[in-house]
Amino acid sequence: MATATITKTAVITKPKNNTRRIVVGVLFLALAVIIWFGFVRELPDGLINTYVMTPSASDAIFPDWVFPTAPALNMIAGICAIMGAYQLARGFGKFSNLMIGLAVGLFIFGFLSWASSGGTINLGGLLRVMVTRAVPLTLGALSGVLCERAGVVNIAIEGMMLMAAFVSTVFGSLTNLWGGLIAGILAGMLMGYIHGVLSIKYKINQIISGTFINIFATGMTSFLSSRFLQKPEYQHLNEPGLFPVIEIPILYKIPFVGPILFGHNMYVYAMFIFVFLLTFLLFKTRWGLRHRSVGEHPRAADTLGINVIKTRYIAVLLGGAMAGFAGTYFTLGSVGRFDESMTAGRGFIALAAMIFGNWNPIGSMGAGMLFGFFDSLSTKLSILRVPVPYEFIGMAPYLATMIVLAGVVGKSQAPAADGVPYEKESL
Amino acid sequence: MSQEPKKNAFLIFLDELSRSSFLVTLLAIFTGLLLGGLLVAVTTVDVYTAMKVSIWDGIQVALIAMWNTFYNLFIGAVGNPAEIIAALQGGDALTIRRAIAPFFESFVQTTPYIYAGLAVALGFRVGLFNIGAEGQIFIGAATATWAGYAFKGLPVYIHLPLALFFGALGGGIWGFIPGILKAKTGAHEVINTMMMNYIAFLLSDWLLRAPMQDPNEYTPKSPWILDSAKMIRLFDTPIRFHIGFFIALLMAFLVWWLLFKTTLGFELRTVGLNSNAAKYAGMKVTSAIVIGMSLSGALAGMAGANEVLGVNYRLTPGFSSGYGFDSIALALLGRSHPAGVVLASLLFGFLRNGARMMQVRADVPIDIVSILQALILAFIAAPAIIRTIYRLKEQKVEEAGISTRGWRSE
C-alpha cells in the first residue's frame, strides 16, 4: 500500500514538471507572436520612440532615450521566441522564474513602446510614480507577511490602513506629523489586537474576523468623518500636513535612478528598510525561526516550548502596526487630508502582492513594484489614446495573482498552518 | 438515580432558553443596537456642553440623542403611525401611499439582501467562502441590463424572466471561475473571488465607457432597459415595491428545497461538512465545489439583476452599494439557513431604509448601519462574547460555526 502510493506520486510528479515546462515555453512563444502580429505588423515604417528619462520637476537631467520602434520590437520578439524554443527543448530549470520575469518585463516594455510609438513618454516619471504607488502595497503586504507567517490570515489590511489613516489625520492635526504617525500606528495595533482576540482567543474564522474589521473600520471612519471632519467648523482636524521630500545627498545625483528612487519622502526609504529588516529578522534570527515555526507547525513549536498563542498575538500586533504605518502614508505621505474610503481597496491589492510575493518580504516588494507599475501605467494610458482599454491594464495585477495562485506558471505556497486556529491538546 | 434537585417547568424553560442560540442571536442584535446608540451619544457635541452644567443634564441630552436616532430610524423604516392613521381617515389615495411608502421601501431594500445573503449562505453550506458577491452582483447587473435593452419586442412574461436569467448567468460565470480553479488547482476561493471583484469593477467601468454606453449620454451610463424587462410594480408612485421581493422569497424556498430535500443538496452539504468523508462515500467533491460556487455566484448575480430591473432601470458606475460584504454578515446572522437569511435580510433592509430618514432628521450619518452590521457580525461569529456579557450557559451541542480552513488546500 505504502509502496504503491510512493510510486504513484513519483509517476505523477514527473509529467507535472514537464507540463509546467511546456506551458512556460508556449507562453514565451505566445508573447513573441503577440508582439509580431499584434504590434509590429500594423506599425508604419520609420516611427521613433522617445523616452524621457528624467521625472518632471527634477534637476538631475539625463538625456532622452530615442530609438526606432519597429526594429526594437522585432528584437524583443526575437528574444522571446529564442527563450521559448530553449524552454521547450531543454528548460531553464531553476532559472525559469527569473526567465518568466525577464520575458514579461520585455513584453511590457514592448507594449509600452508600441503604445507610445511616434510619440514621447516620460519613463522616468512613470517609474517614479511606480515607486510611490508601491509604498502602501508593499507595507500592507509586509503586514500580511508578519501575520500569516505566524499562522493568522490577515484580510483586514484594508480596514487597519483605513482606521490608521483616519486616526493619524486627527492626531496629526492636533499635534504634529510625528504625533499623527505614532497615533496611526497605535490605531493599527489596536485593530490587530481586536483581530487577535477574535481569531485567537474566541477562535472565530479568521476571514470572518478580518471581514468584521474591514466593515467596522469603513463604517466607523465614514461615520466620524461625516459627523466631524466634513463639517466646516472641524476643518482644523483635517489638516495634518505632509512629510517633506528628502533628497538623499549623493545618491540623488545618480542619473536616471537617482530621482526615481532617492527623491521621495521618508515612506519610500522606510519601505526599503523594513523589507530588508524583516527579511533578516524572519530568516536569519532565532526569533524569526520561532515565528515561522508557529505558522508552519504550531504543535511541534509548542512541544519545543514556544508559546504559540503569545507568538501569534505578537504577530497580529506587529502586523497591525505595519498596516497602521501603511495607512498613515495615505494621509501624511500622499494626500495630506482624510477622505472617506480613501484606501480604495489598496489593502486587498496588498494582500494580492503578499501572495504574489510568496509570503516573503522581498517578493512582496517586487510584487508591490509590479502592481504599482501597472497602476501607474493605467493612469498614463488613460491619457494616451491607446487601442487597448486602460481598464484591462488595471486588471493585470489581479489576473497575475490568480495565475500564480493556480500554479500554472509559478506556484506560491502559504505557510502550512495559515488560518488554522491553535488548540492545545487537552490531557 | 440522579442527585440533582427537582426543577419545575419554568426553571427548565429558563435553562433551555439560556442555552439556545436563538437567544444569542436576539441579544447580539440588541447589543449591537445599544452600542450604536452609545456611539451616537458619545459623538454628540451637545452632550459635552451639557455635561459642563451637570452630569445629569449630560445624560439627559445623551438619552434624547439616542431616542431621536432610534425614533427616526423606526419612522423611516415603517412609516409614521400618526401620519398613516390620518391619511387613512382622510381617504386620499396619494396621501395614503405617501404615508405607507417607507414600509414598502424597506422591502425594496430587503430584496437584494435576500439574494446576496442566500449566495453566501449556500457557499458556506458547501464549505466555500464566497467573498466575491460584490463582483458577481456587478456582473449580474451588467448582463441583466444588456438583456434588458438588447432584446426588443418581447412580451413581459418572457423578457423579464430572460433578463433575470441573464443576471444569474453572469453572476454564475463569475462564481464558476473561482470554483473551477479551486476544484482543479486548489487555489483558495477567498483570494480568487476577491481578485474577481476588482476585475468585475474594472470590466464594468470599461463596459459603461465603451460598448454599453448610452450614445445619448456624455457620462458613462447604460441605456434604459425596456418596459417589458421591468419588474412589475404592485402600487402606483411613490411606492417602488415590486414583484422582485416575491421572486426572492421563491428563490429562498428553492435554495432550501435544493439543500435539504434533494440528493444533490445532501452531497453539497456533506462536502461542506467533511470533504474527506464525502470523497470516501463516493461523492464528487470537485463537481460539488464547482456547482456550489456557480450557484452562489448566480444568486449574487440575481441581486444585481434585481436592482437594475426593479429599481434603477439602467447601469451606472456608482452601482455598488456594499451588498457584497454585508451578505457575509447576513449569512452568519441567518445561520446559513434560507429562512434565517430572509429574516436577517428583513432586519438589515429595514435598518438600511430607516437610516436614510435618520440621516436627514437626526443628522446621524447613514454609515452607522455599517457599524451596527459589523458589531452584529462579530457577536454572532463569537457567541462566547455574548454568553460572557449576559452570563448565559454554554450550549450543549457545539454551536455550528463556519468550517475554518487555511489558504492551503487539503
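Reader: Why does A:T211 count as buried?
Author: A residue is called buried if 20 or more other C-beta atoms lie within 10 Å of its own, exposed if 12 or fewer, and partly exposed in between, with C-beta atoms placed from the backbone. A:T211 has 25 C-beta neighbours inside 10 Å, so it counts as buried.

Reader: Before we go on, what should I know about the model and its labels?
Author: This is a predicted model, in which local features need pLDDT of at least 70 and side-chain atom pairs count only at pLDDT 80 or more, while totals for chains, interfaces and linings use all residues. Residues are numbered from 1 along each chain as its sequence is written, and chains are lettered from A and ligands numbered from 1 in the order in which they are written.

Reader: Thanks! Where is A:T211, and which residues does A:T211 touch?
Author: A:T211 sits in helix α7 (residues 206–229) of chain A; helices here are DSSP runs of H or I with at least four residues, and strands are runs of E with at least two, numbered from the N terminus. Leaving aside residues up to four places away in sequence, A:T211 touches B:F325 and B:I328. Touching, or contact, means that the two C-beta atoms, placed from the backbone, lie within 7 Å. A:E158 is 53 residues from A:T211 along the chain, and their C-alpha atoms are separated by 9.7 Å.

Reader: How many residues of chain B are in contact with chain A, and which element gives the largest share?
Author: In chain B, 40 residues are in contact with 41 residues of chain A. On the chain B side, α9(B) gives the largest share, 11 residues. That side divides into 28 nonpolar, 8 polar and 4 charged residues. Here Ala, Val, Leu, Ile, Met, Phe, Trp, Tyr, Cys and Pro count as nonpolar, Asp, Glu, Lys and Arg as charged, and the others, Gly among them, as polar.

Reader: What makes the reach of helix α3 of chain A close to the expected one?
Author: The expected span is 1.5 Å times one less than the number of residues. Helix α3 (residues 96–115) of chain A has 20 residues, and from its first C-alpha to its last it reaches 28 Å, close to the 28 Å expected. Its buried residues include A:F107, A:F111 and A:W114.

Reader: How many residues does each domain of chain B give to the contact between them?
Author: By an automatic or database domain assignment, chain B has domain 1 (16–78 + 343–398) and domain 2 (110–333). Their C-alpha centres lie 30 Å apart. The contact takes 11 residues from domain 1 of chain B and 9 residues from domain 2 of chain B. On the domain 1 side, α15 (338–361) and α16 of chain B each give two or more, and the residues of that side are 7 nonpolar, 4 polar and no charged.
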